[in-house]
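Have your viewer ready and try each task before reading on.

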Amino acid sequence: MSDSKDERGRAVRQVRPFLEELEAKPFWANLREHKLTAQRCKACGKFFTFPPQGSCPHCLSSDYDWIAVSGKGKVYSFVTYHRAWHPAYQDKTPYNVSLIDLDEGPRLISNVVGCKHDEVKIGMPVEIVYDDREEYTLPQFRPVE
């Protein structure tokens, strides 16, 4: 993990996802290969909500598959941060945190990139872009015309 400095020169550890959580490992491994996947219950056929979890939020079955999804969807909601919630984000403001409704049904927390923060709108069509980092890949979304 790389460290940066805050405005007072103190080392700031970078924030990273929970890559080692048992339920989330397939999600992160698939993203590394530029495949967006979601959990779908074998018992009731419904997609799980994000983040990845051990049992279906609809019927509580623990029997599921990882299904490839298109990576296309729409912005359901978003918030624009003008103040960093963590020192590692101090040079990234303003930035958005967006809820993306994927076309297949699941909702994912991510960011909309490739446009100004004030251009993000509810209902905006988006598609996935893969942000490859040293240890992991993040799913982000860009506007679709």
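Helices (H or I, at least four residues) and strands (E, at least two) are DSSP runs, numbered from the N terminus. This is a predicted model, where local features need pLDDT of at least 70, side-chain atom pairs count only at pLDDT 80 or more, and totals for chains, interfaces and linings use all residues. Residues are numbered from 1 along each chain as its sequence is written, and side-chain values use heavy atoms, with hydrogens and water left out.

**Exercise 1.** Work out which elements the chain has and how they run from the N terminus on.

*Solution.* Then read the elements from the N terminus on: β-β-α-β-β-β-β-β-β-β.

**Exercise 2.** Find the order of the open sheet of five strands.

*Solution.* Two strands pair if DSSP finds at least two bridges between them. At the edges sit β7 (107–110) and β9 (137–143), each pairing on one side only. Zoom in on β6 (residues 95–102), which four bridges join to antiparallel β7. Here Ile-100 stands opposite Leu-108 in β7.

**Exercise 3.** Describe the surroundings of Tyr-81, including its contacts beyond four places in sequence.

*Solution.* First place Tyr-81 in strand β5 (residues 72–81). Next, list its contacts (heavy atoms within 4.5 Å): beyond its neighbours within four places in sequence, Tyr-81 touches Thr-93, Pro-94, Tyr-95 and Val-97. The C-alpha atoms of Tyr-81 and Pro-94 are 5.4 Å apart, though 13 residues separate them along the chain.
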